[in-house]
Amino acid sequence: MLNLVLFGPPGAGKGTQSEKLIEKYQLVHISTGDIFRAHIKNQTALGQQVSQIIADGNLVPDSITIAMLEEEINKNPQAKGFIFDGFPRTVAQAEALDIFLESINEQITGVLALDVTEEELKQRIAKRQEISGRADDAADKLTKRIEEYFNKTIHVLPFYEKQGKLAKVNGIGDIEVIFQSLTEIIDQY
């Protein structure tokens, strides 16, 4: 199985590149944000828990996030692989993901980190906000999301680097050129 983590700050191009990688390699896309929204919308037991946690202004605990993720993976037994988007965000989540994958005789194949400067991120997201009007692209929320990435999430990279699974890709430039760089790395796995 090809199990990839696509990594990068908000606005790095993860969504755009995920779509292209999913199509090329027939992977199942796992986005924790999408999973949370689906559980909340369907008012599952986990969804009700998550809804209350978010309403209280707290972050969803790793145990709930992992439980949702495991359920999603188990729903796709015929998958050729998965692309993890927005997860793991902490070293504890990366460790929990490794433990779960080992329990089903799988592992993360590679971690692809899109390198983009903060200035480029701000320009991209300002443009995206004009087009999509995404609530999480509002200036105050965006600043918080970028800070969260550079203060917490970026610490996951050394975890995967120690395992020899990290590959950094220049995330600035033509979408097709970036995609080509990603596929060159993936094709070596």
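This is a predicted model: local features need pLDDT of at least 70, side-chain atom pairs count only at pLDDT 80 or more; totals for chains, interfaces and linings use all residues.
Local features need pLDDT of at least 70, side-chain atom pairs count only at pLDDT 80 or more, and totals for chains, interfaces and linings use all residues. Residues are numbered from 1 along each chain as its sequence is written, and side-chain values use heavy atoms, with hydrogens and water left out.

Start with the largest nonpolar core, which has 31 residues. Such a core is a set of buried Ala, Val, Leu, Ile, Met, Phe, Trp, Tyr and Cys residues joined through side-chain atoms within 4.5 Å. Buried means under 20% relative accessible area (1.4 Å probe, protein chains only). Phe-7, Phe-84, Leu-97, Ile-108, Val-111 and Tyr-160 have the most contacts inside this core. Elements that each supply at least two of its residues include β1 (2–7), β3 (81–85) and α5 (91–103). Helices (H or I, at least four residues) and strands (E, at least two) are DSSP runs, numbered from the N terminus. The largest share, five residues, comes from α4.

Now look at Phe-84. A second, separate core has 20 residues, including Leu-2, Ile-83, Phe-179 and Leu-182.

In α9, Ile-178, Phe-179, Leu-182, Thr-183, Ile-185 and Ile-186 are buried. Why are they on the same side of α9? They cover an arc of only 155° around the axis, taken from the directions from the helix axis to the C-beta atoms. The buried residues of α9 pack against β1, α1 (14–25), β4 and β5 (166–170).

Conventions:
Buried means under 20% relative accessible area, exposed over 50%, partly exposed in between (1.4 Å probe, protein chains only). Contact means heavy atoms within 4.5 Å.
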